[in-house]
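Subject: The structure we talked about

Hello,

Here is the structure I promised to send over, with the sequence alongside. Please open it first, and then read on for what I found.

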Amino acid sequence: MNMNWMEEVKKRESAFLQDLQTFLRIPSVRNEQTATTEAPLGKEVYEALYYMLKRGEEEGFAVKNVDGLAGHIEMGDGEEIVGILCHVDVVPPGDGWTFDPFGATIVDGKIYARGALDDKGPTIAAFYAMKIVKELGLPLSKRVRMIIGTDEESDWQCVERYFQTEQMPVLGFAPDADFPIIYAEKGIADFDLIQKPMNNKEHQPLLLSLHAGRRYNMVPDFAEAVLQLTNENDIKERFIAFLHAHTLDGEAHVAGETVTLCVRGVSAHGMEPNNGVNAGLWLAKFLENEALDPQATEFVRFVSQYFYGDTRGQRLGVAHANEELGDLTINVGVLSYTNEHGGKIGINLRYPVTNDITHTKKVIEQIVQRHQFVFTNFSNSSPHYVAKDHPLVQTLQRVYEQQTGERASLLAIGGGTYARSLRAGVAFGPLFPNRPDVAHQKDEYMFIDDLFKATAIYAQAIYELAK
């Protein structure tokens with residue numbers, strides 16, 4: 001069938017933009033403080049889920065809310081389901097935006113908002129793709145179901161709960177990464193290293209607290225330490241000199257008996273920590289050479305020794321590389337220390353399918369024990385891939401090539417997309433080749449024309465997979 005899918009998208013352009021802006025203006029960051037029985041992950045995330053389900057209902061789709069954690073929007077008949085996996089939650093905005101992160105400002109053909117790229121912009125694109133196929137009345141032999149999650153950026157409680165009661169699609173895609181097609185994803189493990197409290201009583205505590213980072217899968221862009229001032233201590237001058245020497249942004253404030261040191265880094269997605277500047281690791285690096293009490297000294301030295309300047313696990317002895325999937329990576333997403341409780345390091349580790357995670361875990365456990373740390377809170381999502389000759393992959397390759405005129409090469413990534421919760425699922429767009437990946441960064445944006453182009457691709461893909 002020779003459809004002009006792009007023409008159909010253009011007909012719906014102004015409604016698309018209106019929906020997109022309304023949706024992006026919902027500050028859908030997971031928030032336990034506003035949680036209720038109806039909205040288990042907070043009212044903000046629930047509002048975004050509710051918005052999509054309500055829009056689905058208005059357009060005549062069948063919709064279902066699954067315990068306020070997930071939901072779906074469905075069309076068509078048939079035993080089998082083609083799944084489109086989207087999520088409405090976003091990571092916290094972080095600092096330093098030029099635009100309001102929940103303003104959905106349009107400037108020079110780009111829409112700026114937290115979630116514009118990951119994953120609310122693509123969710124609207126997939127929704128409009130379904131709407132187009134439905135409105136054209138095209139015959140389908142399978143049901144098409146958009147599955148909407150609310151916890152993709154944290155613990156994936158949403159898909160876990162969803163698939164306890166709902167049917168697993170036979171195949172599907174997640175519009176939550178890069179075009180052309182991502183057929184393989186790294187495994188992702190999160191864990192904490194907790195410092196065993198030392199008997200620090202006979203020492204004056206010099207480091208009172210240190211904090212950096214909020215999410216394991218983000219590079220911390222801000223770090224702050226509070227220290228006790230001592231008479232002979234000109235720490236402020238040394239810190240400013242350190243910032244200058246390493247061209248870092250930050251400041252030091254003295255208030256009464258304490259000094260507060262701040263470092264500003266650059267946030268980035270935890271799948272490639274080298275794309276960011278980890279403010280917490282730089283602060284630990286500075287403190288490593290300061291005279292602190294024994295507990296604090298042990299903490300900052302450990303952090304600096306094993307993680308500063310090494311995102312590949314070489315110093316921990318767990319480095320691993322794979323030709324298709326690249327390196328094992330380590331992101332120190334959360335650092336916290338208080339004199340009373342000691343320190344905690346929150347780590348996001350990503351590894352290729354050829355890496356034995358059980359062995360990696362054992363090696364790290366042995367090292368951290370020697371330094372009086374405990375390895376705990378380990379969670380793991382195994383690597384995911386779909387064979388290159390699978391009909392899903394071949395159909396999407398054909399659609400992408402017809403729509404763009406470019407070759408649909410297959411990609412392997414370090415990120416984890418919702419595709420891995422399907423038995424046969426791949427990540428499919430929305431980021432076109434050579435566009436910068438600004439997901440999880442300040443001033444996240446999406447080219448509006450790219451969203452329209454992605455919508456046309458998704459509409460054809462839905463039709464081809466479900467016809």
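Trp156 is buried, because its relative accessible area of 18% falls under the 20% limit. This is a predicted model, so please read every value here as computed from predicted coordinates. Trp156 sits in the loop between β6 (143-149) and α5 (157-165). Its backbone deserves a look too: phi is positive, about 60°, although Trp156 is not a glycine.

Asn377 is another non-glycine residue with a positive phi, near 55°. You will find Asn377 in strand β19 (residues 373-381). Is Asn377 buried or exposed? With 52% relative accessibility, Asn377 counts as exposed, since the limit for that class is over 50%.

While you are looking at the backbone, there are two cis peptide bonds to check. One joins Phe179 and Pro180, with omega at about 0°. Pro180 belongs to the loop between β8 (177-178) and β9 (181-185). Another cis peptide bond links Asp118 to Asp119, and there omega is about 5°. Asp119 is part of the loop between β5 (110-112) and α4.

That brings us to helix α4 (residues 120-135) and its partner, helix α2 (residues 13-24). Their axes come within 10 Å and cross at roughly 145°, and the crossing is right-handed. Which residues of α2 and α4 meet? From α2 come Ala15, Phe16, Asp19, Leu20, Phe23 and Leu24, and they meet Lys120, Gly121, Thr123, Ile124, Ala125 and Tyr128 of α4. Sorted by class, this contact has eight nonpolar, two polar and two charged residues.

Now to the aromatic rings. How many aromatic pairs does the structure hold? The count is 31. One of them is formed by Phe302 and Tyr306, a tilted pair with 5.1 Å from centre to centre and 50° between the planes. Both residues lie in helix α8 (residues 294-307), four residues apart, which is about one turn of the helix. Phe302 counts as buried because its relative accessibility is 1%, and Tyr306 counts as buried at 7%.

Tyr445 and Phe447 make a pair of another kind to look at. Their ring centres are 5.6 Å apart and their planes stand at 90°, so this pair is edge-to-face. Tyr445 is buried, at 13% relative accessibility, whereas Phe447 is partly exposed, at 21%. Why does Phe447 count as partly exposed? Its 21% is not under the 20% that buried requires, and it is not over 50% either, so Phe447 falls in between. Tyr445 has a charged neighbour as well: Lys110 lies over the face of its ring, at 4.6 Å from the ring centre.

Phe173, Phe179, Tyr400, Phe428, Phe432 and Tyr458 form it together.

Ala284 is found in helix α7 (residues 279-288), and at 2% relative accessibility it counts as buried. Leaving aside neighbours within four places in sequence, Ala284 is in contact with Val300, Val303 and Ser304. Between Ala284 and Lys344, 60 residues apart along the chain, the C-alpha atoms are separated by 13 Å.

Ala412 is in strand β21 (residues 410-413). Ala412 is partly exposed, with a relative accessible area of 24%. What does Ala412 touch, not counting residues up to four places away in sequence? The answer is Tyr183, Ala184, Glu324 and Leu325. Ala412 and Ala427 are 15 residues apart in sequence, and from C-alpha to C-alpha they are 9.9 Å apart in space.

Happy browsing, and do write back with any questions.

Best wishes

Technical notes. Residues are numbered from 1 along each chain as its sequence is written. This is a predicted model: local features need pLDDT of at least 70, side-chain atom pairs count only at pLDDT 80 or more; totals for chains, interfaces and linings use all residues. Side-chain values use heavy atoms; hydrogens and water are left out. Rings of Phe, Tyr and Trp (its six-membered ring) pair if their centres lie within 6.5 Å; planes under 30 degrees apart count as stacked, over 60 as edge-to-face and the rest as tilted. Helices (H or I, at least four residues) and strands (E, at least two) are DSSP runs, numbered from the N terminus. Buried means under 20% relative accessible area, exposed over 50%, partly exposed in between (1.4 Å probe, protein chains only). A charge sits over a ring if NZ of Lys or CZ of Arg is within 6 Å of the ring centre and within 35 degrees of the ring normal. Axes are lines fitted to C-alpha atoms, for helices over the stretch in contact, and angles run from 0 to 180 degrees between N-to-C directions. A crossing is left-handed if the near helix is turned anticlockwise from the far one by less than a right angle, and right-handed if clockwise. Contact means heavy atoms within 4.5 Å. Ala, Val, Leu, Ile, Met, Phe, Trp, Tyr, Cys and Pro count as nonpolar, Asp, Glu, Lys and Arg as charged, and the others, Gly among them, as polar.
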